[in-house]
Amino acid sequence: MQLHFSPSMRSITISSSNGFIDLMKIKVAARHISYRTLFHTILILAFLLPFVFILTALVTLEGVNKCSSFDCLGRRLGPRLLGRVDDSGRLVKDFYKILNQVNTEEIPDGLKLPDSFSQLVSEMKNNQYDARTFAFMLRGMMEKLEREIRESKFAELMNKHFAASSIPKGIHCLSLHLTDEYSSNAHARRQLPSPELLPVLSNNSYHHFVLSTDNILAASVVVTSAVQSSLKPEKIVFHVITDKKTYAGMHSWFALNPVSPAIVEVKGVHQFDWLTRENVPVLEAIENHNGIRNYYHGNHVAGANLFDTTPRTFASKLQARSPKYISLLNHLRIYLPELFPNLDKVVFLDDDVVVQRDLSPLWEIDLGGKVNGAVETCKGEDEWVMSKHFRTYFNFSHPLIAKNLDPDECAWAYGMNIFDLQAWRKTNIRETYHSWLKENLKSNLTMWKLGTLPPALIAFKGHVHPIDASWHMLGLGYQNKTNIESVKKAAVIHYNGQSKPWLQIGFEHLRPFWTNYVNYSNDFIRNCHMLES
């Protein structure tokens with residue numbers, strides 16, 4: 001709407017913004033206007049203005065986007081003068097009020113919930129539900145969806161646990177074929193190392209690595225990566241320890257696939273004279289205790305209150321119930337001074353690591369009289385991997401734990417450790433380890449749940465020398481968002497967790513760091529159909 005004054009100020013024209021409709025023209029005579037005329041003019045304007053605003057509203061609805069300040073004023077004030085106020089804000093407030101009421105009440109019994117949003121809209125339209133019924137149906141649908149998502153998440157975690165605990169078909173095939181080769185091929189049975197190199201096994205001028213595993217493919221990756229990354233591979237000696245059933249296959253692999261100039265020794269636990277029942281009574285008790293076997297091999301869902309458990313907590317509990325934690329191979333590291341009485345220093349590696357850098361400088365680290373050189377896991381940017389304190393592993397509601405341990409004490413990592421065996425032999429670490437294992441057995445595993453690290457945290461208390469975190473990067477087996485650049489820079493990367501790189505549940509973007517050291521052209525690997533990812 002526009003107001004036009006003639007240059008002579010003798011006429012006033014009120015027209016629409018498009019200029020085609022003259023709504024009203026007022027001519028003003030040259031003489032003075034009387035009060036009576038002015039009164040009648042105002043009366044007429046008061047009568048016509050509502051219609052002017054109605055027309056303004058119609059123009060607005062027809063899509064006029066630009067308007068003069070006078071027009072816009074009419075468009076804004078017109079509906080209010082006519083009593084048409086936008087009450088959408090009040091409706092929203094009323095609906096919020098209904099939602100709050102419904103949130104505190106029980107969902108009515110027998111309320112049939114739609115299976116989809118389109119079905120909800122259809123039922124609302126057909127049955128003319130009020131806002132309260134709609135709110136109840138919306139809440140019921142949301143809660144049902146949350147339950148289904150939660151159940152699916154727990155089912156996924158359970159399936160992942162079973163996948164992580166199983167042996168892949170290809171790895172089982174490899175072990176069987178190599179075992180058969182051991183019985184039929186004299187070259188696969190040749191002595192490791194050759195007789196003239198036996199003195200090197202106890203020569204402390206070499207760099208001795210210890211690896212304890214029953215996974216042949218994983219062992220080959222650890223050894224190959226360490227040798228290829230070394231600046232002095234001729235100084236490397238690997239002591240590979242395995243169980244009785246895997247010994248023949250493991251021996252065959254390294255006999256048929258030497259990693260010269262490095263030296264590899266393969267021994268089964270049955271070949272160590274020191275590993276008798278008398279020396280490891282606690283481990284014997286663990287393997288034979290019915291309660292322990294049920295805990296690790298029984299129903300992992302029975303007795304668990306999934307409603308009050310978060311998926312993350314449930315995943316941690318499942319990982320703690322991996323059968324590997326009652327395997328002698330997993331406890332062997334606590335007996336290194338006795339298994340290798342002539343060695344002064346060794347680096348112990350888990351079978352789920354990859355070596356990417358020369359580890360020779362580890363032997364030059366001054367441990368300051370400590371036994372265990374390890375990366376601490378309470379200091380770092382990654383809150384998931386590097387935020388581990390004693391409270392993470394122990395039940396501090398148990399009186400023995402509360403009395404003897406500090407919940408804020410920093411934890412450290414197994415998987416890549418430099419051990420000073422000379423200093424170790426002067427301590428009672430092994431006896432402390434056994435003692436706390438017995439206490440946990442007596443308490444029906446209420447002091448801690450997770451594997452071999454908790455008793456080691458206690459046994460090595462006061463005997464750990466922190467080493468730089470770049471030596472050992474953890475979490476590649478459960479941390480999907482691992483920083484790739486950090487992985488490339490780490491000396492040793494550790495796939496600790498369920499998503500091992502040799503499993504289908506392994507993380508695709510992290511697997512190549514492991515598969516780089518698998519020889520897919522090897523006949524045994526090809527015959528077992530282990531294809532490169």
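User: Let's start with S12 and strand S13: how many bridges join them, and do they run parallel or antiparallel?
Analyst: S12 and strand S13 (residues 492-494) are joined by 2 bridges and run parallel. Strands here are DSSP runs of E with at least two residues, helices are runs of H or I with at least four, and both are numbered from the N terminus. Two strands pair if DSSP finds at least two bridges between them.

User: Which residue stands opposite isoleucine 493 in S13?
Analyst: That's methionine 473.

User: And what sheet do they belong to?
Analyst: An open sheet of 3 strands, in the order S8-S13-S12, with mixed pairing. Its edge strands are S8 (353-355) and S12 (472-473), each pairing on one side only.

User: What holds paired strands together, in general?
Analyst: Strands of a sheet pair through backbone hydrogen bonds, either parallel or antiparallel.

User: Is this model predicted or experimental, by the way?
Analyst: This is a predicted model, where local features need pLDDT of at least 70, side-chain atom pairs count only at pLDDT 80 or more, and totals for chains, interfaces and linings use all residues. Residues are numbered from 1 along each chain as its sequence is written, and side-chain values use heavy atoms, leaving out hydrogens and water.

User: OK, new topic. Why is strand S7 largely enclosed by the rest of the structure?
Analyst: Because 5 of the 5 residues of S7 (residues 345-349) are buried. Buried means under 20% relative accessible area, exposed means over 50%, and partly exposed lies in between (1.4 Å probe, protein chains only). Both faces of S7 are covered: Lys345, Val347 and Leu349 are buried on one side, and Val346 and Phe348 on the other.

User: Which strands does S7 pair with?
Analyst: Strand S4 (residues 207-212) pairs with S7 in the parallel sense over 3 bridges, and valine 210 stands opposite phenylalanine 348 there. Strand S10 (residues 416-420) runs antiparallel to S7, joined by 5 bridges; in that pairing, valine 347 stands opposite isoleucine 418.

User: Nice. Now lysine 232: where is it?
Analyst: Lysine 232 sits in the loop between helix H7 (216-229) and strand S5 (236-242). With 44% relative accessibility, lysine 232 counts as partly exposed. Lysine 232 and aspartate 358 are 126 residues apart in sequence, and their C-alpha atoms are 8.1 Å apart in space.

User: And the whole protein, how many helices and strands does it have?
Analyst: It has 21 helices and 13 strands. Of its 533 residues, 44% are buried.
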